[in-house]
Amino acid sequence: MKKFETGVSRRSFLAGSLGTGLIMGLGVVLPGCSGEDVASEMSATGGSQQFSPVVWFEIDEAGQVLVNIAKAEMGQHVGTALARIVAEELGADWESVSLEHVDSDPKWGYMVTGGSWSVVTSFEMLSRAGAAGRTVLIDAAAKLLGVDASELSAAKGVVSGAGQSLSFAEIVSRGDISRSFSDEELAALPIKPPSARTLIGKATNALDVPAKSRGDAVYGLDAELPGMVYAHPIVAPTRYGSVVKSVDDSAAKAIAGYQQTLTIEDPSGFVQGMALVIADSFPAAMKATEAVKVEWDAGDTASVSEEDILAEGQSLVDDPESGVLFVNAGDADAAISAASDTLSSTYRTSTALHFTLEPQNALVEFRDGQCHVHAGNQWQSLIIPVLAQSLDMEEKDIVLHTYYLGGGFGRRLFGDQMIPAAHAARTLGKPVKLIMTRPVDSLFDCARSPSVARLDAAFAEDGSLSAIDHAAAAGWPTLSMAPGFLGEAVDGEGKFDGFSINGADHWYSLPNHRVRAINNKLAQDTFLPGWLRAVGPGWIGWGVESFMDEIAHKLGMDPLEYRLSLLDAEGRQAGSGPKQVGGASRLAAVLKDVQRRSNWGASLPEGEALGVAVAHGQERAMPTWSACVAHVAVKGKDVTVKKLWQTLDCGTVVHPDGALAQAEGATLWGLSLALHEGTAFENGQVRDRNLDSYTPLRMEDVPEMDIKFMDSDEFPMGLGEPPLIAVAPAIGNAIFAATGQRVRDLPIRL
């Protein structure tokens, strides 16, 4: 059996009675609090003076298991995966398991859903919770049956052994289930070996799908409250610095349902120069928006263009003194000085938008001294402090109620649309439902920043690669929205946004390797850079994997074989357990697998070729190993992706159907960003504001996909984003193989 880190400190798992049911949670037990107190406090309503339990799951007197989910559901079926982990260890009957997504009560701890972290960060905790619950049920059943607990086991909602059995329902109705577990007891609980699993890794339906299929699922856009009014924003010409000079709503007053236009003053600084049209209905609000005339003093970035931002990025990557060190292995300067040959390339990506299917919205009311926000959100623990600052309220008095997200992809990691809705609700003294139309959503989006990456390679006298020097500049989302998450430079001489440079610390063994992370201040000043699916690796990987292809070509080597030669899993590339176990050898394994499945090296018609790229997912600390081969046909300036192969090693696959769906979605998003998406800043704002000109991948452009997961019982890693990363460079490298033309800008345009 594998040993995983517990990650539990100064807390205890608790089991207690709730009426005639059992609840299982995690809480801080203070000195003097007995096991009986624990059970009593667990089932108490209202605040506890002794501990604040997080109730992970409950079993009622009918044996129904309710798993509380503190992660956002945005189509990734996260609740099913997390409940699967609990049910596996608990020995529950999957048909008796249901979910509930919880609100932002502080007892749930730090709440964020992103970075492909949910399963990675929850697996150990929920496994232990399920095992603790199983132990409680078995011990209680043993007393009821008069047998030794060692003779019993739990499966499909029944504890059985010694020729007898009791259902979970019978046990929680009749048994003694009050108990707490210390860290030591928790760590000693037996966790099932992979060979004994009956639910994890097995086919199942996602628990959230039926409600969505029936139309019962409630999204933020569906939320309603009695007496609410509607709000539609008029967004300023620049994200920062615009000041409203005047508002003329005389024409709007003739529109039935129009009430008034508010201007928003936001002390947090995230919402500047915004006017908010208030009406009885959303159609009236939209119509009135067209009639209201607003004049602004625009900010300093009113004339900034995409080329301005990219030119600033180029200047930064060309300046060896800019940025901070993210990787500094060996002596890159010495290798470059001694080089017999060099190779330099610059890779760029253009602005990309989120375009969630459900535009941004928020319904806010003030009730009993608290601000209640109804909206889908990925990072409650990020936006609540911002709302508190903006509204000058205590964080404890702001409650986010959970709804399904009609697409997140990083856009709903922030919740800045809640700010104007909250100010309006407080000003008007009634619930305000703010809805953004698609063009407004685009203007207010926190876009993926334009980026510039320069890569310099040095070669020794024997022709071998001796160093890579990599500099990457972009707007940093973490700098604006979560500066506490900035990382420390490896030399301690500054901070960087890991979400804008992850992927540059790859798993190739290089003699010397240096990476500088650089903030593009012009981008930062012009707009609010955002996290977009796969975040930094989504564009960092474009440069890294395209450049590796260039090096292979310069050395006259097959690009796939060349990559394999650098994936020796030596030194720091050996990895460490449990999340990195195997290191680069697992990346080599997925590359060999996709090499075989794609029939790499086979002859193809003229104008067609295969291209390859690899990636290690969102972060080096939690790698999802992936290799992608793209089959591309090029005719003139038209590029057709005929097939994409992906081999993925994410360790244990908890929910296979959901995993495949996530891999397919991420793969297609990678294709979309490679060939179809992208916009540009013009006059301080994004140019494309609706789906007539911003044109993500269409159904007719979907290629054949062949995605495979490696069989593995290693620690489960994330999947929502990693399969995106290698797609664009695989396509770009295939275009080079087919035509000899090296593409270095995303989106790719021949």
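Helices (H or I, at least four residues) and strands (E, at least two) are DSSP runs, numbered from the N terminus. The model is predicted, with local features needing pLDDT of at least 70, side-chain atom pairs pLDDT 80 or more, and totals for chains, interfaces and linings using all residues. I number residues from 1 along each chain as its sequence is written, and side-chain values use heavy atoms, with hydrogens and water left out.

**Backbone**

I looked up the bond between Leu746 and Pro747: it is a cis peptide bond, with omega about -5°. I found another cis bond from Gly577 to Pro578, with omega near -5°. Pro578 belongs to the loop between α16 and α17 (584-597). Most peptide bonds are trans, and most residues other than glycine have a negative phi.

I then checked positive phi values. His77 is not a glycine, yet its phi is near 60°. I place His77 in the loop between β4 (65-69) and α2 (78-90). His77 is buried at 12% relative accessible area. Here buried means under 20% relative accessible area, exposed over 50%, and partly exposed in between (1.4 Å probe, protein chains only). Phe409, also not a glycine, has a positive phi of about 55°. I find Phe409 in the loop between β19 (398-401) and α11 (418-428). Phe409 is partly exposed, at 24% relative accessibility.

**Thr238**

I went to the loop between β10 (229-234) and β11 (243-248), which holds Thr238. Thr238 is buried, at 2% relative accessibility. Its side chain reaches the backbone oxygen of Tyr240 at 3.1 Å. The side chain of Thr238 also reaches the backbone nitrogen of Gly299, at 3.3 Å. Beyond four places in sequence, Thr238 touches Ala298, Gly299, Thr301 and Ala302. Contact means heavy atoms within 4.5 Å.

I noted Ser451 in strand β21 (residues 451-459). Ser451 is buried, with 2% relative accessible area. The Ser451 side chain makes a polar contact with the side chain of Thr349, at 2.5 Å. A polar contact is a pair of N or O atoms within 3.5 Å; within protein, one must be able to donate a hydrogen and the other to accept it, and residues adjacent in sequence count only if both atoms are side-chain atoms. Outside four places in sequence, the residues touching Ser451 include Leu310, Tyr347, Ala473 and Trp539.

I moved on to Ile468 in strand β22 (residues 465-474). Ile468 is buried, with 3% relative accessible area. Ile468 and Leu510 stand 42 residues apart in sequence but 7.7 Å apart in space, C-alpha to C-alpha. Leaving aside neighbours within four places, Ile468 is in contact with residues including Leu455, Leu510, Met548 and Ile551.

**Helices α15 and α16**

I followed Met548 and Ile551 into α15, where they are among the residues that meet α16. The α16 side of this contact is Pro559, Tyr562, Arg563 and Leu566. I read 7 nonpolar, no polar and 3 charged residues in the contact of α15 with α16. Ala, Val, Leu, Ile, Met, Phe, Trp, Tyr, Cys and Pro count as nonpolar, Asp, Glu, Lys and Arg as charged, and the others, Gly among them, as polar. Helix α15 (residues 535-555) and helix α16 (residues 559-566) pack at about 105°, with axes 9 Å apart. That makes α15 roughly perpendicular to α16. Angles under 35 degrees count as roughly parallel, over 145 as roughly antiparallel, 65 to 115 as roughly perpendicular and the rest as oblique. Axes are lines fitted to C-alpha atoms, for helices over the stretch in contact, and angles run from 0 to 180 degrees between N-to-C directions.
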